[in-house]
Every structure is written in C-alpha cells, then in structure tokens.
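Welcome! Here is a short briefing to read alongside the structure. Please take a look at it first, then follow the topics below.

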Amino acid sequence: MTDKPILQPGPSHPITITANPARVVVSVGGKVVADSQRVLTLREASYPPVQYVPIADVDRSLLERTDTATYCPFKGDASYYTVTVDGKQSVDAVWFYESPYPAVAEIKDHVAFYPDRVDSIVEQPAT
C-alpha cells in the first residue's frame, strides 16, 4: 500500500500525449544522444510540452542510472540517468517512468531530457 496520492488528469489538470511527426535529435557535449522519428509529445496543464523519446532510440552507452527519484501524482515514480560524454557529465539530465500510471501508459519505455541539461533538443521535419 502506498501513501502517495494518485491523481487523474482532467479539466483542471489536463494531460495529452500525441505522436510528434518531427524527427527529434538530442545532443550533449557535441554528441548525438538520441535521434528518433517515434517521439511522443506530452502536454500537461500549463507546463511546456515535453518530448518523450523511445529508449530504443537513445545511445544507452552514454547513460548511467542514478539514485535520484521523484514523484508525480499524475504519472508515478520517475527515475533518472546522467549523460556522460568525453568524461563530462550532465547529471540527472534524463528522466523516465518505468511503471507510469495508466493515464500516461504510452510513455513507458520512453525518456525525456531536461532542456537546460543538454546542448539541444531539435525538432526537424521528418524525412
């Protein structure tokens, strides 16, 4: 049993997930960390949209899981990765939900990047 609240998206706190038709490329330290045409865009209430990239489209050799954990009552428990490129680390630059709540189940096996902890998150027209 958990003491964490579980909230449902609704009119006062909407969450939508849509396929992003663009190619999304994420770079850190001048190296491409993620490159995908299968990205999901999550829009939550008044927050900026977040691009969720399939973990299969991420260079996992650059990721190291950390002990950092946070909780969102709408999405669940989040875990984090640090990105290391050429010995330089971008700490907790990536987050993901291993077991997202049913309302956002689509983001399972996807990761998101903090824009201020990576060099760039670029959306390009799909090829």
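This is a predicted model: local features need pLDDT of at least 70, side-chain atom pairs count only at pLDDT 80 or more; totals for chains, interfaces and linings use all residues.

Two strands count as paired when DSSP finds at least two bridges between them.

- The open sheet is built from 7 strands, in the order β1-β4-β5-β9-β8-β7-β6, and the pairing is antiparallel.
- Why is one side of β1 and of β6 left without a neighbour in the sheet? Strands β1 (15-19) and β6 (63-72) stand at the edges and have a single partner strand each, so one side of each lacks a neighbour there.
- From one strand to the next, the twist averages 35°.

**Strand β9 and its partners**
- Strand β5 (residues 50-54) pairs with β9 in the antiparallel sense, over 2 bridges.
- Across from Val53 you will find Val111, in β9.
- Strand β8 (residues 88-96) is joined to β9 by 3 bridges, and these two strands run antiparallel.
- Which residue of β9 is the bridge partner of Phe96? That partner is Val111.
- Both faces of β9 (residues 110-113) are covered: His110 and Ala112 are buried on one side, and Val111 and Phe113 are buried on the other.

**Further along the sheet**
- Strand β4 (residues 40-44) and β5 are paired in the antiparallel sense by 3 bridges.
- Here, Leu42 stands opposite Val50 of β5.

- In soluble globular proteins, nonpolar side chains tend to be buried together.
- The largest nonpolar core has 20 residues, and the members that touch the most others are Val58, Val83, Val94, Val111 and Phe113.
- At least two residues of this core come from each of β2 (23-28), β3 (31-36), β7 (76-85), β8 and β9.
- There is also a second, separate core of 15 residues, with Tyr52, Phe74, Ile107 and Ala112 among them.
- Leaving aside residues up to four places away in sequence, Val83 has contacts that include Val28, Val33, Leu62 and Val94.

**A look at Lys31**
- Lys31 lies in strand β3.
- Is Lys31 buried or partly exposed? Lys31 is partly exposed, because its relative accessible area is 37%.
- Apart from residues up to four places away in sequence, Lys31 touches Val26, Asp59, Leu62 and Val85.
- Lys31 and Tyr71 are 40 residues apart along the chain, and their C-alpha atoms are separated by 30 Å.

Methods. Residues are numbered from 1 along each chain as its sequence is written. Side-chain values use heavy atoms; hydrogens and water are left out. Buried means under 20% relative accessible area, exposed over 50%, partly exposed in between (1.4 Å probe, protein chains only). Helices (H or I, at least four residues) and strands (E, at least two) are DSSP runs, numbered from the N terminus. A nonpolar core is a set of buried Ala, Val, Leu, Ile, Met, Phe, Trp, Tyr and Cys residues joined through side-chain atoms within 4.5 Å. Contact means heavy atoms within 4.5 Å. Axes are lines fitted to C-alpha atoms, for helices over the stretch in contact, and angles run from 0 to 180 degrees between N-to-C directions.
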